[in-house]
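Trainee: Could you take me through a close look at one helix pair and at what surrounds it?

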Amino acid sequence: MILIIYAHPYPDKSNVNMLMLKLAANNPDVAIRSLYDMYPDFNIDVEAEQRAVEQADLLVLQHPLYWYSYPPLLKLWIDKVFTQGWAYGAGATALKNKKMLWAVTTGGEHGHFEGGDHPGFAVLSQPIQATADYCGMRWLSPVAVHGAYRADQTALLKQIRNYGERLTSWRED
Ligand SMILES: Cc1cc2nc3c(=O)[nH]c(=O)nc-3n(C[C@H](O)[C@H](O)[C@H](O)COP(=O)(O)O)c2cc1C
């Protein structure tokens, strides 16, 4: 089973993430938890989140890139849900060998991140990849959907379709 932890601060205003979620929802193995819809007061139900994560073989963290990072409720979700004894430390097995996929959308184009003037995804992914590694998870190559504001949607839709394919072929990754 695939669990998408979705963190968009303004879910009703999303264009790209909304398309990605619509596509993902066609996959019968996918369950979606939209954090900003579920916890507008940031009062996360840690036990419910841990139970949901335990059901998953693939954990997807999906969000728009905000200032080269993730939106605050996703950071809080990790801080609260990845507890000692459950996610890491002595006797912790909840996340072990589960796979993690980071799926992020950006206003910037591919060249903004891979042109050398700004940190690329090998750098930006480090905190979340280190977190996954620390908890014994298996890190998959991230999905980055670039150019959210582009007028020509063709390239955007191609990247979104690629996300859908990753959600069906992830067992081979
Ligand atoms: C507060 C804020 C910070 C942002 N920071 C970045 C950024 O650092 N890099 C980037 O490429 N896009 C940045 N963006 C653009 C968003 O990533 C973009 O609007 C989003 O990925 C589009 O997805 P959506 O249609 O689902 O909202 C930022 C947007 C906002 C509102």
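Mentor: Helix α1 (residues 16–25) and helix α8 (residues 154–169) have axes that come within 9 Å and cross at roughly 35 degrees. Here helices are DSSP runs of H or I with at least four residues, numbered from the N terminus; axes are lines fitted to C-alpha atoms over the stretch in contact, with angles from 0 to 180 degrees between N-to-C directions. The crossing is right-handed, meaning that the near helix is turned clockwise from the far one by less than a right angle. Val16, Leu19, Met20, Leu23 and Ala24 of α1 meet Leu156, Leu157, Ile160, Arg161, Tyr163, Gly164 and Leu167 of α8, contact being heavy atoms within 4.5 Å. By class, ten of these residues are nonpolar, one is polar and one is charged, with Gly counted as polar and Arg as charged.

This is a predicted model, in which local features need pLDDT of at least 70, side-chain atom pairs count only at pLDDT 80 or more, and totals for chains, interfaces and linings use all residues. Residues are numbered from 1 along each chain as its sequence is written, and side-chain values use heavy atoms, without hydrogens and water.

Val16 also faces the ligand: one of its backbone N or O atoms lies 2.9 Å from a ligand oxygen atom. For asparagine 17, a side-chain N or O atom is 2.8 Å from an oxygen atom of the ligand.

Definitions and conventions:
Helix = DSSP H or I, 4+ residues; strand = E, 2+ residues; numbered from the N terminus. Polar contact = N/O pair within 3.5 Å; in protein donor to acceptor, adjacent residues only side chain to side chain.
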